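This briefing sets out the chain contacts, domains, helix packing and sheets of the model shown below. Please read it alongside the sequence and the structure.

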Amino acid sequence: MNKVGIVSYGSYIPKYRISVEEIAHIWGEDATELKNQLQVPKKSVLGLDEDVVTMAVESARNAVNLWDGDPKLIGAIYVGSESHPYAVKPTATIVSEALPTGKEIMAADLEFACKAGTAGMQMCFGLVKSDMINYGLAIGSDDSQAKPSDPLEYTAAAGSAAILIGREGIIAELEGTYSVTSDTPDFWRREGATYPSHGQRFTGKPAYFQHSIDATKGMMNQLQTNPSDYDYVVFHQPNTKFPLSVAKMLGFTKEQVELSLVCRHIGNTYSASSMLGLNRILEKASSGERILMTSYGSGAGSDSFSFMVTDKIEELQAYPFDIEYYIKRTIDINYGLYTRYKGLLK
Amino acid sequence: MEPPKIWREKRQRYLALGISCKKCGKRSFPLSEYCPYCGTNDVEEYRLAETGKILYFTNVSMASNEMAFNAPYCLGIIELNDGIKVTGQIIDCDYKDLKNGMEVKMVFRILARDGHEGLIKYGFKFTSI
Amino acid sequence: MRMNGKNVFVIGTGLTKFGEFYDRDSTSLATEALNAAINDAKIDRSSIKSAYFGFMISNSSPHSAFSSKCLRECNVSIPFTRVEAGNASGAAAFHQAYISLASGIHDCVAVIGSEKLSDFVKNGTIEKILGSTIDYQWEYEIGATLTSLYAMITKAHMREFHTTMEQLASVPVKNHKNGKENPHAQFRREIPLDRFLSAKRISDPIGRFDLATHCDGSSALILVSEDYLERNNGIKNKIPILSSEHSSDVLTLHHRESLTEFKSTVTAAKKAFTKVGIEPTDIAVAEVHDSFPISEILAIEDLGFFEKGEGGKATEAGLTQLNSKISVNPSGGLKARGDPFGATGIAQIVEIVEQLRGRADKRQVSEVEYGLTHNIMGTGALAYVNIFGQEEMEQ
């Protein structure tokens, strides 16, 4: 069988941050308790002239620049998001033109809550493996929305991750992928509604945990692997506590999951969340190491992946605009500015 | 913001395109069919350098309608590392922190929004590295 | 000495008050100015063969309608041409009218400058209108405004020549002092230096009160050639146009080698002085384009009144005040008279003609032999320089 895997990766996180204290102060909540609970001290906020498209382009350009290949060889672009700036007019078309890829390219915007980006990865893996394209670019990009005062407001952040998939120059070879899907109304947003609604504690056990566990177990069962076979594991990160808990439930150690927890610094970037976690591992991983990644998207479903890092990885680890760069460059804003940046002032 | 104009200009705005003259070897911005230095039309598309330094800068607090959403913002004339000069917004920064000669890199941002229902115009801006 | 073409003269001037006239439209203003010019020239209105209208946007009604309506209300049935050169449309119309007379095609024409900018009350509209005087695609649509480009020009001048904020502010202080004596000016009061220095910066270092205000107004001239004067004896108060020159520079600021010199002004001025055979020091009074404090400083340097880099110091030292070394903007300039784009270039000429006729009352400059006007578009992509002399002057 043809080998297929990740050939490059790129990340983007906007510069603005708001702290849990700032938000808690507005709603009279206890910031210390919230921080203990969520383990997210601050979250990233989009600049006034940014949206899902601009973030997607920045992460895609970072992936292409790191790869140093010809973007015209890319045969597909899929952008997963639940906050595309246009309801009709695909983000993927703009990303394609801004790279620029050639015109002969498959492109679509995807929506599956927080796992639309990994759904795009699976599509690219399939297309490359079946020789329909040489390279495919999967992007998860979100400007997460949360109703003011909703618990989500403390974590709903912004960011983008791009994964370039191909069969040549693989840095992390795909060993297998496994998905579970069920009709689970844990979190939703109706057409035209500004903010999502959710089922509070119902988003946990039957939703996030059940699907993440089922997909991960299914994947390991398929490959006959155990948690101890992996050096790193990545889960979707609605907060920092959930991925730590699900890792524990599945028998992974804290050390295996820790590196992936980008959420600790910037909050929940929805479609980009698990992909940014994967990118952070790719920035640090060594040849021969194994990575397990399981995304989760409300509604609900999980995509699990197993990767084997190759000796090509070292060539793609020295890049100035990595996650560390974006985590470090910050401008703290108060809630007043936050309302302007999030477009809450009508 | 008319769709044909947005469409016609998109590549130049997204990719910051100029020309490189095959006859006199000079480069120029923006994209043109003829070389402004020697007049030949034997020119090829050229993508500007992505990094450069600030030559002049100011801030804009009274902006046009389509750009007011972003005001106040910083603006400068940037000399790119290939020697070409362009005008651009310098974003994600505080005006008082800007300095002449400061290094900047090109980023992809929203230039203008046509209200809530119209098109979004994207293009290049600059940010400090 | 006759260099080329027929000699051309201004024989009538008309000017409305400049300001905000919400109850009047462009036609009303233009009609008042043109009628005033015809009456001032004391000619039969059937003598006028053609009209040149200089305006950028006119008002919020369609453009051509107002020119037609104005001519109908003035009871002249003649062809007209609309000339547009951004905020230098007035000077551009004048230049075209001059050419039509110098070439001998016409012997008597009217020039009308008019603009009604108080219609545009929504935030950002004037910025957009002025966006067409700079590189719309690669400056305006990138986020630059005319003000922000002048802010960078100001900073460049401050950096290169150590021009100070006080020197810059002394430009509008002087112009408001002059405007106090001009009955047509929008602002007829002095404004102290501190007020300019302490105002909010809208594009650093340009403060909120540094800009010329975009207002309403109309101005008109009746121009004739020597042919007309030969056939019509007894025309009084005719002021000869000794030269009318026009030059350009690249539109976009980032394409220029220097931000502190407007090549268009330098070139137009050189051509104008060469044609007349005089030096900048021969000019006693000048109306220059002072849309921002730095505009006047650049103008008095580029026109040759002061060395490059000395404009700020000269202004602060009072060398451009009324009846000093050179009287610059005795009318109050764009700053105090107000700036209805198309009307401005012609209002400048009206002022110089009145100065040469000795009819400028309290702002009269003594012993005026030569007067000059200078009007530019945007950041100097186009510049118009005209030199006028005394009635009896040999040409």
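How many Å separate the centres of domain 1 of chain C and domain 2 of chain C, taken over C-alpha atoms? The two centres are 23 Å apart. This is a predicted model, in which local features need pLDDT of at least 70, side-chain atom pairs count only at pLDDT 80 or more, and totals for chains, interfaces and linings use all residues. Residues are numbered from 1 along each chain as its sequence is written, and chains are lettered from A and ligands numbered from 1 in the order in which they are written.

**Domains of chain C**

- Domain 1 of chain C covers 8-121 + 214-239, and domain 2 covers 145-212 + 242-389; such bounds come from an automatic or database domain assignment.
- Contact between these domains involves 35 residues of domain 1 and 29 residues of domain 2, where two residues are in contact if their C-beta atoms, placed from the backbone, lie within 7 Å.
- On the side of domain 1 of chain C that touches domain 2, at least two residues each come from strand E1 (8-15), helix H3 (89-102), strand E4 (108-116) and strand E7 (216-225) of chain C; helices (H or I, at least four residues) and strands (E, at least two) are DSSP runs, numbered from the N terminus.
- H3(C) provides the largest share of that side, seven residues.
- By class, that side of domain 1 has 17 nonpolar, 15 polar and three charged residues; Ala, Val, Leu, Ile, Met, Phe, Trp, Tyr, Cys and Pro count as nonpolar, Asp, Glu, Lys and Arg as charged, and the others, Gly among them, as polar.

**Contacts between chains**

- Two pairs of chains are in contact, and chains B and C share the most contacts.
- Chain A and chain C do not touch, their nearest C-alpha atoms being 12 Å apart.
- Chain A contributes 16 residues and chain B 14 residues to the contact between them.
- Helix H3 (52-67) and helix H4 (91-98) of chain A each supply at least two residues of the side of chain A that touches chain B, and H3(A) gives the most, with four residues.
- That side of chain A comprises eight nonpolar, two polar and six charged residues.

**Helix packing in chain A**

- Helix H1 (residues 20-27) and helix H2 (residues 31-38) of chain A pack at an angle of about 130°, with axes 9 Å apart; axes are lines fitted to C-alpha atoms, for helices over the stretch in contact, and angles run from 0 to 180 degrees between N-to-C directions.
- That angle makes H1(A) oblique to H2(A), because angles under 35 degrees count as roughly parallel, over 145 as roughly antiparallel, 65 to 115 as roughly perpendicular and the rest as oblique.
- Val20(A), Glu21(A) and Ala24(A) of H1(A) meet Ala31(A), Leu34(A) and Lys35(A) of H2(A); these contact residues divide into four nonpolar, no polar and two charged.

**Sheets**

- In chain A, an open sheet of three strands has the order E3-E2-E14, with mixed pairing; two strands pair if DSSP finds at least two bridges between them.
- Strand E3 (42-45) and strand E14 (331-332) of chain A are at the edges with a single partner strand each, so one side of each lacks a neighbour in the sheet.
- Strand E2 (residues 16-19) of chain A pairs with E3(A) in the antiparallel sense over four bridges, and Arg17(A) stands opposite Ser44(A).
- H1(A) lies across E2 and E3 of chain A, at about 50° to E2(A).
- In chain B, an open sheet of three strands has the order E2-E1-E3, with antiparallel pairing.
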